[in-house]
Amino acid sequence: MGMSLWTPDPTFYPSPRDAVAAPREKLAYVAAFDRSAERPDALAVLDTDPESPAYGTVVGWTDLPYTGDELHHFGWNACSSALCPSAPHPHVERRYLIVPGLRSSRIYVYDTKGRVSPELVKVIEPEELGKRAGYSRPHTVHCGPEGLYVSALGGFGEDGPGGIALLDHTSFEVVGRWEADRGSQHLAYDFWWHINHDVLVSSEWGTPSMVEDGLVGELLLGRKYGHRLHFWDLRKRRHVQEIDLGDQHQMVLELRPAHDPTKTYGFAGVVTNVEDLSASIWVWHREGSRWEARKVIHIPAEPAAPEELPDILKPFGAVPPLVTDIDLSVDDRHLYVSCWGTGELKRYDVSDPFAPVETGSVRIGGIVGRAPHPAAPYERLAGGPQMIEVSRDGRRVYVTNSLYGSWDDQFYPDGVGAWMAKVDSETFTFDERFFPHGDDFRGLRPHQTRLQGGDASSDSYCYP
Amino acid sequence: MTLTAVILLGAFHGINPAMGWLFAVARGLQERSRDRLLQSLPVIALGHLASVALVALVVGATGSLVTGTALSIGAGVVLVAFGLWRLLSTRHFRWVGMRLSLGQLAAWSFLMSSAHGAGLMLLPVLTRIPAGHHGHAMSGGLFVAGIHTLAMFVTAGVVALAVYEFAGLTVLRRAWFNLDRMWAVALVGAGVFTLVQTAW
């Protein structure tokens with residue numbers, strides 16, 4: 001789809017240093033879903049241009065053609081990796097959003113060029129994904145050397161293993177299963193790579209039966225959710241090594257490798273430790289020919305009276321931080337950590353990845369805290385900072401509040417609400433002009449944000 | 001005139017980031033080593049030479065079996081067809097992997113040059129080498145391939161060093177013209193030219 005350009009797409013940058021100088025985004029795309037599955041999910045488009053009279057409001061909206069998709073994560077059809085020298089194709093356009101339905105297993109392709117509200121151009125049915133790649137419940141999307149990579153939590157007609165499907169990046173057809181040899185890997189969630197080192201890293205959440213009806217207490221206390229990192233040969237598609245973080249560390253979710261392609265380290269967030277309900281951030285790094293991982297951030301649970309807690313937490317008398325997303329700035333200096341349980345967004349200086357220093361914290365929402373946004377100081381907010389997206393220049397941090405339908409309902413049983421906030425990273429305070437919430441999202445729950453032209457979790461670079 | 005065309009085509013390949021200098025720069029930047037850049041260039045040129053020489057040898061061998069007219073018509077048809085395919089197809093060369101040994105880098109360059117049709121543009125020149133004596137056509141073809149590759153190598157080397165030492169890669173964002181599309185048009189043009197010349 002699409003004609004090629006005469007010069008490279010202006011949103012492609014050779015190096016992370018160049019990308020930091022990118023112009024600020026004027027639009028943000030947010031995946032929003034209807035928990036009841038009675039109305040279609042949607043892509044909401046937010047105005048992020050402070051000069052615009054519509055700044056901070058929903059200016060575009062595209063309903064999906066079906067119901068019950070549960071939009072979650074999504075990504076671009078092309079990114080800065082198109083400039084990589086091994087197979088350069090810099091004259092393609094970044095214009096399509098690849099939008100998986102995590103519950104329906106459909107994958108949608110939306111065109112964003114020359115319009116505010118994206119327009120549907122293709123639907124990949126669950127059968128195509130299943131028959132060609134053997135997967136269901138598509139999740140993370142990354143553009144890379146072989147086209148589009150889409151991780152998936154489940155198998156086709158089976159609970160697992162989950163893995164990665166490859167899509168052709170021009171026709172968007174499912175090419176097949178990515179793995180040639182999956183080794184010990186069974187659970188799937190996020191993945192990304194060290195592109196110049198031919199290394200892919202993947203993480204573990206759970207299979208569909210373990211997550212779709214909510215967090216299962218017995219599985220959690222039985223330490224059955226994912227607790228490993230997997231390292232792969234990106235070229236040969238082979239599993240190379242696993243690192244077990246310890247089975248008390250349940251749910252290894254988001255992976256944020258250094259953007260600098262000469263580096264071989266990255267950060268992984270762990271949702272909770274079943275021994276003390278703390279959360280943690282780990283650094284993986286290469287030592288000689290082996291990969292190692294080390295815990296570098298520990299975030300403790302906060303004590304709370306049982307009557308303030310939802311049923312699932314009453315026995316523990318504490319609020320777990322629940323680190324559900326982390327995001328690394330393009331210059332690899334700042335790591336943002338969302339604590340969805342306690343309602344806190346933290347920032348760490350990770351210039352030395354092995355010795356992070358906390359440099360900022362803001363509170364919003366939270367299971368007990370219910371902290372308000374300064375734009376609506378008397379409104380007790382449910383949900384917490386969840387999906388984080390950082391602008392390429394590192395100055396703006398966007399957060400949304402929904403985690404995953406059934407899990408929202410367990411941790412925020414009186415309603416998770418819907419809100420999106422923006423933090424200016426220089427002062428590390430909320431932007432009072434940017435707080436779309438409540439009816440702005442038309443009853444839907446906002447999940448991942450993608451920024452126009454790319455963001456801190458969308459592009460990989462082949463030049464330092 | 002013909003020699004000038006051969007050299008200019010070599011320079012055209014040399015200047016195209018996709019044909020190798022960019023990979024050499026990337027390898028240098030990755031290790032912060034100009035030596036690694038300099039090591040990569042001759043290997044990339046070798047792969048390019050193999051691709052172009054293969055075309056020259058095929059033309060030489062075919063030329064000893066068929067008439068000059070048939071050879072020119074065949075070359076023209078191949079050029080037009082390949083050029084149209086390059087122009088209309090959205091597919092691009094694919095290669096996964098950034099950590100290559102020098103041998104793998106030569107193989108990459110050979111495949112990249114071949115997928116690009118690097119040697120095909122020399123068809124109008126190669127088909128006009130007098131085929132009176134078989135060995136003469138062969139060595140003439142290899143001479144053309146060698147001169148072409150030398151021009152490519154020198155150009156790529158100058159561009160790679162200039163970018164690595166002074167210009168930086170940010171220049172790519174504006175200066176990386178879609179040479180592939182220009183190339184495809186040129187292939188079709190050369191094919192038509194060859195056919196017209198033969199029919200005349």
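Two strands pair if DSSP finds at least two bridges between them. In this predicted model, strand 18 (residues 279-287) of chain A is joined to strand 19 of chain A by nine bridges. The two strands run antiparallel. One of the contacts links A:S280 to its bridge partner in strand 19 of chain A, A:H298.

Both strands belong to an open sheet of four strands in chain A, ordered 16-17-18-19. Its pairing is antiparallel. Strand 16 (249-257) and strand 19 (290-299) of chain A each have a single partner strand, so one side of each is left without a neighbour in the sheet. On average, neighbouring strands are turned by 25 degrees against each other, direction ignored.

## A hairpin in chain A

Strand 12 (residues 191-194) of chain A pairs with strand 13 (residues 199-202) of chain A over four bridges, in the antiparallel sense. A:F191 has A:S202 as its bridge partner in strand 13 of chain A. The two strands form a hairpin with four residues between them. In the turn, A:D198 has a positive phi of about 60 degrees.

In a regular strand the side chains alternate between the two faces of the sheet. Strand 12 of chain A shows A:F191 and A:W193 pointing one way, with A:W192 and A:H194 pointing the other way. All four are buried.

## The nonpolar core

The largest nonpolar core holds 192 residues. A:V99, A:A165, A:V201, A:V323 and B:L122 touch the most other members. Helix 3 (residues 34-63) of chain B gives the most to this core, with 10 residues.

What does A:A165 touch, not counting residues up to four places away in sequence? Its contacts are A:L129, A:A133, A:Y135, A:P138, A:V150, A:A152, A:V174, A:R177 and A:W178.

## Where the chains meet

Contact between the chains involves 26 residues of chain B and 32 residues of chain A. On the chain B side, helix 2 (21-31) and helix 8 (172-175) are the elements that give two or more residues. Helix 2 of chain B gives the most, with five residues. The chain B side divides into 15 nonpolar, six polar and five charged residues.

## Annotated transmembrane regions

An unreviewed UniProt entry places the feature "transmembrane region" at residues 6-25, 37-59, 65-88, 100-123, 143-167 and 179-199 of chain B.

Residues 6-25 of chain B are 75% helix and 0% strand, with end C-alpha atoms 25 Å apart. Residues 179-199 of chain B are 100% helix and 0% strand. Their end C-alpha atoms lie 30 Å apart.

Methods:
Residues numbered from 1 in each chain as written. Chains lettered and ligands numbered in written order. Predicted model: local features only at pLDDT ≥ 70, side-chain atom pairs only at ≥ 80, totals over all residues. UniProt positions renumbered as here; feature names shortened; annotations may be inferred. Core = buried A, V, L, I, M, F, W, Y, C linked by C-beta atoms within 7 Å. Buried ≥ 20, exposed ≤ 12 C-beta atoms within 10 Å, placed from the backbone. Contact = placed C-beta atoms within 7 Å. Axes fitted to C-alpha atoms, helices over the stretch in contact; angles between N-to-C directions. Nonpolar A, V, L, I, M, F, W, Y, C, P; charged D, E, K, R; others polar.
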